[in-house]
Amino acid sequence: MTQAQVTVKHIQTEKAAIAQGVWAGETFYLSGQLADPVSGTGESAVYGDTKTQAASVFAKIQKALQAQGLDMKDVVKLTVFLGPDPKTGKLDFAGMQSEYVKYFGTPQQPNKPARSAFQVAALAAPWAMLEIEAIAVRGR
């Protein structure tokens, strides 16, 4: 019995510690995305609350997918890691969800991915309140 070989392609740069994403056949695995700052740089950067960070992260996911010839309609699975807001110490699932619904289950883009959401004590970046990774499939 012969098995078909799957082509694997890593989307990466020499400077980054991880791949931005990895193609395995027609499936694209996008590494976890963190928010970009809304103002400032370096230690003076401001990233906003969970809703603001979610808006940045979903926009980054869409841009990364589009760079690979995909879009949000191709996302089959999201994994969301939510940390507490450092100001309140509380998780803001509703802040993330308010941005999620702008990309999935809309009249323009009715597809909804499978999704898992986890509360975490903290993320690698001390200012981060959420990180989201995505799996997308190029449909035929």
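Me: Is Phe-118 buried, partly exposed or exposed?
Reply: Phe-118 is partly exposed, with a relative accessible area of 43%. Buried means under 20% relative accessible area, exposed over 50%, and partly exposed in between (1.4 Å probe, protein chains only).

Me: What kind of model is this, and how are residues counted?
Reply: This is a predicted model: local features need pLDDT of at least 70, side-chain atom pairs count only at pLDDT 80 or more, and totals for chains, interfaces and linings use all residues. Residues are numbered from 1 along each chain as its sequence is written, and side-chain values use heavy atoms, with hydrogens and water left out.

Me: And Phe-81, how exposed?
Reply: Phe-81 is partly exposed, at 23% relative accessible area.

Me: How many aromatic pairs are there?
Reply: The structure holds 7. Rings of Phe, Tyr and Trp (its six-membered ring) pair if their centres lie within 6.5 Å; planes under 30 degrees apart count as stacked, over 60 as edge-to-face and the rest as tilted.

Me: What about Phe-58 and Phe-104, what sort of pair?
Reply: Their centres are 6.4 Å apart and their planes stand at 70°, so the pair is edge-to-face. Phe-58 is in helix H1 and Phe-104 in the loop between H2 and E5, 46 residues apart. Both Phe-58 and Phe-104 are buried.

Me: Back to Phe-81 and Phe-118. What is their geometry?
Reply: That pair is stacked, with 6.0 Å centre to centre and 20° between the planes. Phe-81 lies in strand E4 and Phe-118 in strand E5, so the pair ties together parts 37 residues apart in sequence. Helices (H or I, at least four residues) and strands (E, at least two) are DSSP runs, numbered from the N terminus.

Me: Which rings link into a cluster?
Reply: Phe-58, Tyr-100, Tyr-103 and Phe-104, through ring pairs.

Me: Where does the charged end of Arg-115 sit?
Reply: Over the ring of Tyr-100, 4.4 Å from its centre. The cut-off: NZ of Lys or CZ of Arg within 6 Å of the ring centre and within 35 degrees of the ring normal.

Me: New topic. What is the strand order in the sheet?
Reply: The open sheet of 6 strands runs E1-E2-E3-E6-E4-E5, with mixed pairing. Two strands pair if DSSP finds at least two bridges between them.

Me: Which strands stand at the edges?
Reply: E1 (8-11) and E5 (114-119). Each has a single partner strand, so one side of each is left without a neighbour in the sheet.

Me: How do E3 and E6 pair?
Reply: In the antiparallel sense, over 5 bridges. Tyr-29 has Ile-135 in E6 as its bridge partner.
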